[in-house]
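User: Hello! I am new to this structure and would like to learn how to read it. Could you take me through it step by step?

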Amino acid sequence: MNNLVEQIDGLLPQTQCGQCDYDGCLPYAEAIADGEAINRCPPGGIKTLKALAELLKKDATPFLEGMLKQEKLPATAYIRETECIGCTKCIQACPVDAILGAAKQLHTVLTQECTGCGLCVAPCPVDCIDIISLTTPAYQPKKTRQRFYARKERLANIKMQAIQQQKNEEIINQRTYIEAAIARSKTKKLNVKVTI
């Protein structure tokens with residue numbers, strides 16, 4: 001990661017929410033370093049906009065009014081546990097692994113880890129998740145960044161294991177097919193010798 005991208009990423013709120021239309025804060029930081037607009041981070045709001053403008057020696061004034069309209073207050077998710085059906089869709093949607101639970105069990109949000117991104121709300125089939133405004137963020141951006149990348153790495157490893165398992169099953173199926181073909185061939189040869 002080059003120094004400018006690292007500095008930009010350090011200014012972003014690390015909510016990993018995708019509201020900037022990028023898959024996390026680092027891809028958006030890279031895009032900003034390549035010339036993308038600095039006003040695409042509602043969770044960062046005016047504070048982040050001004051910090052980015054100062055770092056990049058740009059004028060934030062044209063973006064201030066628009067950012068005021070779209071700026072999001074710090075928030076956290078809250079699951080009404082008595083209504084939760086344990087479907088795990090919120091867990092799968094959370095970019096920072098801030099939701100605990102298992103299939104057919106109640107889920108709960110780790111408030112100190114939740115970025116309030118709201119990505120867990122839409123997939124919930126029983127609409128039991130609320131986004132609650134806070135006065136200050138409950139999460140720590142550096143820790144959240146680590147959790148985001150640890151989750152991505154874990155999911156990539158699971159995907160690789162599934163691919164490897166599928167390849168292994170294909171190899172076993174091919175061997176079984178070949179062994180069966182060889183056995184049929186041997187049986188045919190034996191039958192031919194017997195009839196002669």
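Analyst: Gladly! In this predicted model, the centres of domain 1 and domain 2 are 26 Å apart, taken over C-alpha atoms. At their contact, domain 1 supplies five residues and domain 2 supplies five residues.

User: Where does the domain assignment place domain 1 and domain 2 in the protein chain?

Analyst: Domain 1 covers 4–70, and domain 2 covers 75–133.

User: How much area do domain 1 and domain 2 bury between them?

Analyst: First the general idea: interface size is often given as the accessible area lost when the parts come together. Here, domain 1 and domain 2 bury about 340 Å² between them, with 60% of it on carbon and sulfur atoms. On the side of domain 1, the residues that lose the most area to domain 2 are Thr15, Gln16 and Cys17, together 84% of what that side buries.

User: How many salt bridges are counted between domain 1 and domain 2, and how many residue pairs are in polar contact across the interface?

Analyst: The salt bridge count is zero, while one residue pair is found in polar contact across the interface. The side of domain 1 that touches domain 2 has one nonpolar, four polar and no charged residues.

User: How many cavities does a search of the whole structure find?

Analyst: The general idea is to roll a probe the size of a water molecule over the atoms, which shows where empty space is left. In this structure the search finds three cavities of 30 Å³ or more. The largest cavity holds about 80 Å³ of space.

User: Which residues line the largest cavity?

Analyst: Its lining includes Cys94, Cys114, Cys117 and Cys120, and also Ala77, Pro95, Val96 and Ile99. By type, the lining of the largest cavity divides into nine nonpolar, three polar and no charged residues. Gly116 and Gly118 are among the lining residues too.

Key: Residues numbered from 1 in each chain as written. Predicted model: local features only at pLDDT ≥ 70, side-chain atom pairs only at ≥ 80, totals over all residues. Heavy atoms only, no water. Domains from an automatic or database assignment. Contact = heavy atoms within 4.5 Å. Buried area = accessible area lost by both parts, 1.4 Å probe. Salt bridge = Lys/Arg side-chain N within 4 Å of Asp/Glu carboxyl O. Polar contact = N/O pair within 3.5 Å; in protein donor to acceptor, adjacent residues only side chain to side chain. Nonpolar A, V, L, I, M, F, W, Y, C, P; charged D, E, K, R; others polar. 1 Å grid on protein atoms, 1.4 Å probe; cavity = no way out; pocket = protein on both sides within 12 Å on 5 of 7 lines; lining within 4 Å. Points joined across faces, edges and corners; volume = space filled by probe spheres on them.
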